[in-house]
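Here is a short note on the aromatic rings, for a colleague who will look at the geometry. Please read it with the viewer open.

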Amino acid sequence: MSHYQGDDAEYMADEYEMEDVDDDMDEEFRATEMGSDSDVDEYDYPNNKVADMSAADARNGKDIQGIPWERLSVTREKYRERRLEQYKNYENIPHSGEVSRKDCKITKKGGLYYEFRRNSRSVKSTILHFQLRNLVWATTKHDVYLMSHFSVTHWSSLSCSKSDVLDVSGHVAPTEKHPGSLLEGFTQTQVSTLAVKGNLLVAGGFQGELICKHLDRPGVSFCSRTTYDDNAITNAVEIYDSPSGAVHFTASNNDCGVRDFDMEKYQLSKHFHFPWPVNHTSLSPDGKLLTIVGDNPAGMLVNSSTGKTVASLSGHRDFSFASAWHPDGVTFATGNQDKTCRIWDTRNLSESVAVLKGNLGAIRSIRFTSDGQYMAMAEPADFVHVYDVKNGYEKEQEIDFFGEISGVSFSPDTEALYIGVWDRTYGSLLEYGRCRNYSYLDSFV
């Protein structure tokens, strides 16, 4: 992963400037984009909060993000066209997106698998590194955890309320004593990645920090620093249950290391080292294989017990930042800065079985539903693609909005899909619900 300094830091600032795409936006929209409170329709003043958008609002023709297109000098369609033309995708290998285009599968759009329910603009989803987008996690269809400025925030879609779970703006230290835990803790942690599963929350930081908190306990349980190397950022974290039933998590770091921690014993249990910075890892459902992707076009499939390479994954043209396993344990996906997601079959890894293309940029986050029916792949901004996996990725639902994507997450029961949107004015949490022929309320009719 790129160092978060110099040209890359400047790139992140450039990437986020949504208003710079269109020079013809009128002054009112410019003021709104710069964070002005001049547009009274954007706020619910009696309640002193940003007005959220509901499914009823969308049915009545309102924009799901609350953007007042009818008052602007440009239509949504025209703005989308310019955005597609001018958005700058970050590449470590020049022209990788152009080269990969010829490999891509033609998919049919128009699928409707998840329908819009709510845009919660009162909860702001934020990003600190432009390449790392795993900062939204749903633990139930109503409970979501996300980074909001310098705090891990819990959002309840039932009560439409938020609460801070872990504030890292100041000093954070463990309240429990475990061997190897840094009792002095950390100060002003910049959270680069996040994972939440069950009652365990793990936040990774720019200096290799790992902060572990059990949601059903007060305080922080465990703090560790993976490395003191200069390039120490924690790029990704995955929480999983080991065959013994113990809760573990795997941390992928820019120091080329992958570390496995046992949260029953609060101990580092494995440490593998690879030839290049590791941006993301994912564990197969049976716990035997690890997908390793990072600062190399070729990924790896390795033995999770020994770290030995089982197979090389050749096909991508740039560096990869996302991976995910299908629940069947046979297929998995990788996402790359060449604007593609590749689907792999462990029974034949000589080439990928499908190559799916993004619109704007890199594929930075991938998730499968727990039943294996759908896969979501998120670009850096504006588009989340939901594919019908069981019908061979032939058809997709394209969720289209404006803003940088901080993360995507299906709920464990597959009923909800959440998308974090980073934008100075329209930052929010989008909620979609799975389309069913009959809802549970219909059973009373």
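1. The model is predicted. Aromatic pairs come to 14. Two of them are taken up next, each with its geometry and its place in the chain.

2. F116 and Y432. This pair is edge-to-face. The ring centres are 5.7 Å apart, with 70° between the planes. An angle over 60 degrees is what counts as edge-to-face. F116 belongs to strand β5 (residues 114-120) and Y432 to strand β33 (residues 428-434), so the contact ties together parts 316 residues apart in sequence. F116 and Y432 are both buried.

3. F222 and Y266. Here the centres are 5.8 Å apart and the planes meet at 45°, so the pair is tilted. F222 is in strand β15 (residues 222-225). Y266 is in the loop between β18 (257-262) and β19 (267-273), so this pair ties together parts that are 44 residues apart in sequence. Buried or exposed, for F222 and Y266? F222 is buried, and Y266 is too.

4. Charges over rings. R364 lies over the face of F321, at 5.0 Å from the ring centre. R367 places its charged end over the ring of W137, and the distance to the centre of that ring is 4.5 Å.

5. For your check. Please start with the F116 and Y432 pair, which is edge-to-face, then turn to F222 and Y266, which form a tilted pair. The arginines to display are R364, over F321, and R367, over W137.

Methods. Residues are numbered from 1 along each chain as its sequence is written. This is a predicted model: local features need pLDDT of at least 70, side-chain atom pairs count only at pLDDT 80 or more; totals for chains, interfaces and linings use all residues. Side-chain values use heavy atoms; hydrogens and water are left out. Rings of Phe, Tyr and Trp (its six-membered ring) pair if their centres lie within 6.5 Å; planes under 30 degrees apart count as stacked, over 60 as edge-to-face and the rest as tilted. Helices (H or I, at least four residues) and strands (E, at least two) are DSSP runs, numbered from the N terminus. Buried means under 20% relative accessible area, exposed over 50%, partly exposed in between (1.4 Å probe, protein chains only). A charge sits over a ring if NZ of Lys or CZ of Arg is within 6 Å of the ring centre and within 35 degrees of the ring normal.
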